[in-house]
Structure formats: C-alpha cells, structure tokens
Amino acid sequence: MQADNETALREELVQVRNEHRTLDEQIVELESAGAADQLQIKRLKKHKLALKDRITSIEDRLTPDIIA
C-alpha cells in the first residue's frame, strides 16, 4: 500500500512540476510582450507560488524523516 502511495505522489510531483514550468514560461512570455495585463500576470504568479508550495509539500512527504 505504501508503495502505491509513493508512486502516486511521484506522479503528482511530475505533473505539478510540469504545470509550474508551463506557468513560468507563460509569465515570461507575457512580460516580454510589453503590453501585458498586470492583473493576469499577478494571478499567474500567485498560482505558480501555490504550485511551488504543493511541490515542496509532496517532496517533504517523499523524503523520510531523519532523526538527528
């Protein structure tokens, strides 16, 4: 059961990283266009930050705790 959960988390991690990368590319493209909608860019950045938080959360769940 734990292996299935880990596999699902790794798949989700790949998916979320891809979405994060795509958002980054969209933001760069909009900013370089010049006359970009600042509100749209702000929303994309906020969503990108939420994805980054999700990535960190998944990575933390996949990394075993080390007792020092």
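**View 1. The buried residues of helix H1.** In H1, the buried residues (under 20% relative accessible area, with exposed meaning over 50% and partly exposed in between, for a 1.4 Å probe and protein chains only) are Leu9, Leu13, Val16, His20, Leu23 and Ile27. Among the elements that cover these residues is H2. This is a predicted model, in which local features need pLDDT of at least 70 and side-chain atom pairs count only at pLDDT 80 or more, while totals for chains, interfaces and linings use all residues. Residues are numbered from 1 along each chain as its sequence is written, and side-chain values use heavy atoms, with hydrogens and water left out.

**View 2. The whole chain and its two helices.** The secondary structure of the protein chain consists of two helices and zero strands; helices (H or I, at least four residues) and strands (E, at least two) are DSSP runs, numbered from the N terminus. The radius of gyration of the chain is 16 Å, well over the 11 Å that the globule rule gives for 68 residues, so the chain is more spread out than a compact globule. That radius is taken over C-alpha atoms, and the globule rule is 2.2 Å times the number of residues to the power 0.38. Along its principal axes, the C-alpha trace spans about 50 × 25 × 15 Å. Of the 68 residues, 19% count as buried. The chain exposes about 5600 Å², of which carbon and sulfur atoms supply 52%; accessible areas come from the Shrake-Rupley method with a 1.4 Å probe, and for residues only the protein chains shown count as cover.

**View 3. The lengths of the two helices.** The expected span of a helix is 1.5 Å times one less than its number of residues. For the 31 residues of H1 this should give 45 Å, and the end C-alpha atoms of H1 are 45 Å apart, which agrees. Helix H2 (residues 38-62) has 25 residues and should span 36 Å; its end C-alpha atoms are 36 Å apart, again in agreement.

View 4. H1 is followed by Gly34, whose phi is positive, near 95°.

**View 5. The packing of H2 against H1.** Ile41, Leu44, Leu51, Ile55, Ile58 and Leu62 are the buried residues of H2. These residues pack against helix H1 (2-32). Contact means heavy atoms within 4.5 Å. Among contacts in the chain between residues at least 6 apart in sequence, 68% join residues at least 24 apart.

**View 6. The largest nonpolar core.** A nonpolar core is a set of buried Ala, Val, Leu, Ile, Met, Phe, Trp, Tyr and Cys residues joined through side-chain atoms within 4.5 Å. The largest one here has twelve residues: Leu9, Leu13, Val16, Leu23, Ile27, Ala36, Ile41, Leu44, Leu51, Ile55, Ile58 and Leu62. H1 and H2 are the elements that give two or more residues to this core. The largest share, six residues, comes from H2.

View 7. Leu51 has its place in helix H2 and is buried, with a relative accessible area of 9%. Not counting residues up to four places away in sequence, Leu51 touches Val16, Glu19, His20 and Leu23. Leu13 is in contact with Ile55, Ile58, Glu59 and Leu62, leaving aside its neighbours within four places in sequence.

View 8. Arg10 lies in helix H1 and, at 43% relative accessibility, counts as partly exposed. Arg10 and Ile58 are 48 residues apart in sequence and 8.0 Å apart in space, C-alpha to C-alpha. Thr22, also placed in helix H1, is partly exposed with a relative accessible area of 39%. From Thr22 to Ile66 the separation is 44 residues in sequence and 33 Å in space, C-alpha to C-alpha. Asp24 is in helix H1 and is partly exposed, with a relative accessible area of 32%. The C-alpha atoms of Asp24 and Asp60, 36 residues apart along the chain, are separated by 22 Å.
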